[in-house]
Amino acid sequence: MHFGILTSILLCPVIGMILILFTPRKSEQAIKIISLIVSGISVFLSFIAYNRFDPSNVLLQMEEKISWLPQYGINYWNGVDGLNIGMILLTSIVIFTGVIVSWKLNYRVKEFFALLLFLVTGVFGVFMTLNLFFFFLFYEVAVLPMYLLIAIWGSTNKEYAALKLTIYLLLGSAFMFAIFLAIYSLAGAHTFDLMTIKDKVTFDPAFQKIAYIGLFLGCGVLAGCWPFHVWSPDGHVAAPTAVSMLHAGVLMKLGAYGIIRVALFLFPQAAQAWAPFTATLATFNILYGALVATQQRDLKYVIGYSSVSHMGIVLLGISTLTVTGLNGALFQMFSHGIMTALFFACVGHIYDECHTRFFDELGGLAHKIPILSTFFIIAGLTGLGLPGLSGFPSELLVLIAAIKTYPISGIATAIGVVVTTFYVVSAIMKAFYGPLNKNFEHIKDIDLWQYFGRGILVAFLIILGVWPKLFLNLVNPITTYLLLKGF
Amino acid sequence: MELFLIFTIVGSPLIAFLMIALLPHRLKRIAPLLSISFIFLSFLSSLLFFLKHPQIQETPFEVQWTWLQANRNLSFNVGFLMDRLNLLMLFVVSLVSFFVQVFSVAYMADEGRGQSRYFAFLSLFSFAMINLVASNNLLQTFIFWELVGLASYLLIGFWYQKPSATEASRKAFVVTRLGDLGFYLAVALLTLHLGNLNFSALNSPEAIQSLSGGMITLVTLLIFTGVMGKSAQFPLHIWLPDAMEGPTPVSALIHSATMVAAGVFLTARNYALFSASSISMETILIFGTLTAFVGATLATIQNDIKKILAYSTISQLGMMMMALGAGSFEAGMFHLTTHAFFKSLLFLASGALIHHFHTNDIWEMAQKGSRSQVLTLLVIAVGGLSLAGIFPFAGFWSKDLILEALEHKPVFHAAALLVSFFTSYYVFRLLFILYFRSETPHAHEEHHESSLLTFCMNFPLISLAVGSLIVGFMGTDLMHHKLLKFISPEAEGKLSIELMMTGTGIAVLGLAVAYWNYLKRKIQPPITATGFRRVLEKKYFMDDLFEKVFGRMVLAFSAFLNWFDKQMVNGKMVNGTAWSTLRLGALLTKVQSGELQDYLMIVFVIASAVIYFLVK
Amino acid sequence: MSESLIAYLLLSGTLAAIGVYGFLERRNLIGILISIELILNAASINFLAFNKFVSPDKGLGQAIVLLIIGLAAAEATLALSIILVLYRGMTSINIEEANHLKG
């Protein structure tokens, strides 16, 4: 084992948080710079990990194992393969841009950044750990700071949304933990190590069925699976900009990742049995989210429901249980993460300047903030699956996989694309086009620094859209291996 | 070398787009120059390519790379195919783009800072269109098909301050995306069943044999829905008239000459596949006929010059589809080519009028003295006569070829004749109103523009007028069917005298009726809406059908879902759970009386019971 | 009669019953305290009685009773001081008024 790069990535936000705790409350600039530096380092390290990662090797790489409570099979065991290397990269990019976007924050700065970094620690942890106990632990670490972040720094009905979100996510995690414990006790190996369980244990088919659907729904809550999605639009709307970015961009992917990493990984046969059911739920997600989004008047609600719709594509891709579909799902996770982060980063600026997010009060913003409008439109076009941007390859892959296995879901996906076009274009039309509202004569466009932050996200959308191989090469070997070798 | 040429052809508009987008503010003025020179470069390269490979039909040139690996066995490619069909389209697209961009310099001169945005979008469009034409597989075509739609959306909504323009751009985008739904599904289905989307593979006999007949019909019909959206076929034509909200040169380029022809091109591209299903061919023929008829009749009552041309475009696109549906692929492509020239000419000329008179209404133009614009009216006459199919203008030859293709289908043949009657009628109506009903202009209102701008406006008009004369002859015996042979070496292109006579006769009939109505009876603009005219003014209720019926149905359903989400899922289920938890808690707190002795009593009773049961 | 175990148990039982009754029914805190003393005393009597008639080790019961007496004294001090504080706060030692923990 060489230099523990994964642990280093994980430690970046922890160190940042500790440093911030020892920084005087008044030096806000220093706090922001510390957060920027640590998140910058985590981006850098993630890129090193990405670079060092060998996609053709389907085994775990860069493993780090420290036994922690070996009597109970709890080990600190990290490793990456094609499934999570992209997610780690995504997390570090989103937190980095999230810190940049929060640059103007001036209320309780110290607590905000400390909590934000704490949250990211949890997210990194979930993505890299291979031990169910740590999976759960990091998951809780990722969820709990969210409550404070939304309830203190949020807007629009924030206490309600924060409470709802927390309760929902904890409910999901309670499901998850119950199943983890069942796996632990039934496995007989008395270990939480995912790989050991995978290799050594065969489960009773009846148990597999229960465990799979329990995990699917438990993680599905976080992934915004219909009908457990209602926390997400409310939560996204209430959360402050950086938190919305992390939340929709990364946290929802935790759920989908959990489904792939644990549920699909341990119980492939049960996945087969439940696939029609989960595909139906996913289809509901896609159409329901898109149709409800057409009715929203608040920009953030539109994005919130569009996330529900887009996560449906991820879930559908998983449910097809084909290499193509799984590749598409993983790609969509990455692409959607970047896209929603960009969306929320743009809406955050609009809200800061105009103090409203309602279409009817906005209008003609493109006159005053052309650059930001361009960014928003690019995000919107990604959302509606325009070729050349990263939304298209992912949707295409899922569509092809779905047409084969579940034709109706496939058609629904395609219809969802049309509905998405309608609401995205309508939102753009109402908020950015038309005559300028008199109240907004004074608003300013983003400065160079903010331009840089959002520009990173745009660059990713375009690069991956034009050259999807960059991402698919990472995931293709492992999905092929998992699905064809029968997990 | 070939590769380099191809990259120059497909890449130079992209370079122009990127350069304009990234230009610093001070240099934005050179945007038109960049855009024009790069599109010209593209045109030159395609010409050069053709000169180097005159025998391209026998040995098409194809290159490709892997773009996306879906799984072990399935990958998507990017690649370029060069054969006669797309070389022809490349010429048309890059040439018309070039002229339109030159014209735009004059037309958009007052736009100021928006000018660079305009030229950036135009370059983006040219990039997408050229790549659509040059691509060697269906998926890549779909990709650029969508990007073309995006460029069209951006350009229709170019004046984004105008609510009507943004509405129109939204309508165009959503309606074409609705059509693309089918195309998207067709791509997915073909991927599943063939695994290879290259045009050469799709249209090979083996592929057609390996697919079942039903599947071919399904797939071709699905592709055709995409074609309907983009090529404005009935009933998805509704976006095209509204798209006239965009700047006029844009209408000339995108909404008449190139983008809307993409559907025709796509059908021609997959002609072997389409021909394999007689149901699809019949469908294309029927929808083409409907479109041609609807467009031509609607054009007869418009007063907005751009709307006349827009409906005429719809009608002509219908004619092209009719030719394709009737099995004459070369007639369709030939008409596409001639139409591209004379219709962009007409649009640009109308743009010149609009620029001069600041109105779209032909009656107002006549009032303000349209007769003074001699050159413009002259080119409108050239374009119009061509559109009406008058000998010896370009439209005459191509239309006759279509009529010939329809010869063995009497119903459709009659319909095509009817359409040409209406066409000739609205063309002469336009000409008569603009010239003979024009007032004498006030001389002092003349304002002189700089000579460069005048040149920019007149040069494309004259070139296109000349071009639309020549291009017609290229399909005739006089020039040995050069163009026809270019499209398809087997093309016969014999024109029978009887057909020519009928065609001309019908056109003259249209002329006569227009003459009677507008010069003899001197009909004035607003005519009372009665009967058929009412239907026409309602645009055959198609807009209403889509907006009021489908649109509202979907929105009402969404509103229901929204209500369901807010009230049932969120209200009853989620908040209901929360509320009942709270109520249950409140109920249980009643036990908590605060009276010490009540608690003690409970403890005592329970303790006694426990002891009793333990001891017993 | 005085030599049988039953008599002692009857006495202690009665005392305990009176204590429990008072404990549950008195509204005066002092009364409750006295009732608790009664219960404790009943327990002491039980211990002594069993010690005398049943247990082989004669010292153990007495030791426990001494412990109970000590405990009762400590308990009385504590309780009385709580009652005093309560009285200062509420100017009443009626238990029905001390119900601030009501839900």
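Biologist: Why is B:K171 called buried?

Modeller: The relative accessible area of B:K171 is 12%. Buried means under 20% relative accessible area, exposed over 50%, and partly exposed in between, with a 1.4 Å probe and protein chains only. The value of 12% lies under 20%, so B:K171 is classed as buried. This is a predicted model, in which local features need pLDDT of at least 70 and side-chain atom pairs count only at pLDDT 80 or more, whereas totals for chains, interfaces and linings use all residues. Residues are numbered from 1 along each chain as its sequence is written, chains are lettered from A and ligands numbered from 1 in the order in which they are written, and side-chain values use heavy atoms, with hydrogens and water left out.

Biologist: What makes B:K171 and B:D242 a salt bridge?

Modeller: The closest N and O atoms of B:K171 and B:D242 are 3.1 Å apart. A salt bridge is a side-chain nitrogen of Lys or Arg within 4 Å of a carboxyl oxygen of Asp or Glu, so this pair qualifies. B:K171 belongs to helix α6 of chain B and B:D242 to helix α10 (residues 239–242) of chain B, so parts 71 residues apart in sequence are tied together. Helices (H or I, at least four residues) and strands (E, at least two) are DSSP runs, numbered from the N terminus.

Biologist: How do you know that B:R170 and B:E167 are separated by about one helical turn?

Modeller: They are three residues apart in helix α6 (residues 163–193) of chain B, which means a separation of about one helical turn. B:R170 is buried, with a relative accessible area of 15%, whereas B:E167, at 39%, is partly exposed.

Biologist: Why can A:R357 and A:D298 be said to tie together parts of chain A?

Modeller: The two residues form a salt bridge, with their closest N and O atoms 3.2 Å apart. A:R357 lies in the loop between α13 and α14 and A:D298 in the loop between α11 and α12 (299–320), so the pair ties together parts that are 59 residues apart in sequence. A:R357 is buried at 3%, and A:D298 is buried at 4%. Over all chains the rule counts eleven salt bridges. In general, side chains of opposite charge can pair when their charged atoms come close.

Biologist: What makes A:A211 buried?

Modeller: Its relative accessibility is 0%, so A:A211 counts as buried. A:A211 is part of helix α8 (residues 205–223) of chain A. Apart from neighbours within four places in sequence, A:A211 is in contact (heavy atoms within 4.5 Å) with A:I179 and A:F267.

Biologist: Why is strand β2 of chain B described as largely enclosed?

Modeller: Six of the eight residues of strand β2 (residues 75–82) are buried, so the rest of the structure largely encloses this strand.

Biologist: How do you know that strands β1 and β2 of chain B pair?

Modeller: Two strands pair if DSSP finds at least two bridges between them. Strand β1 (residues 61–69) and β2(B) have eight bridges, in the antiparallel sense, and therefore meet that definition. B:F61 has B:M82 as its bridge partner, and B:Q64 stands opposite B:G79.

Biologist: Which pair of chains shares the most contacts?

Modeller: Of the two pairs of chains in contact, chains A and B share the most. There, 58 residues of chain A are in contact with 49 residues of chain B. The area buried between them, which is the accessible area (1.4 Å probe) that two parts lose on being put together, summed over both, is about 4,800 Å², with 73% from carbon and sulfur atoms. Their salt bridge count is zero.

Biologist: How many residues does chain B give to its contact with chain C?

Modeller: Chain B gives ten residues and chain C gives 15. The area buried between them is about 990 Å², 62% of it on carbon and sulfur atoms. On the side of chain B, helix α26 (residues 596–615) gives the most, with five residues.

Biologist: What separates chain A from chain C?

Modeller: No contact joins chain A and chain C, and their closest C-alpha atoms lie 23 Å apart.
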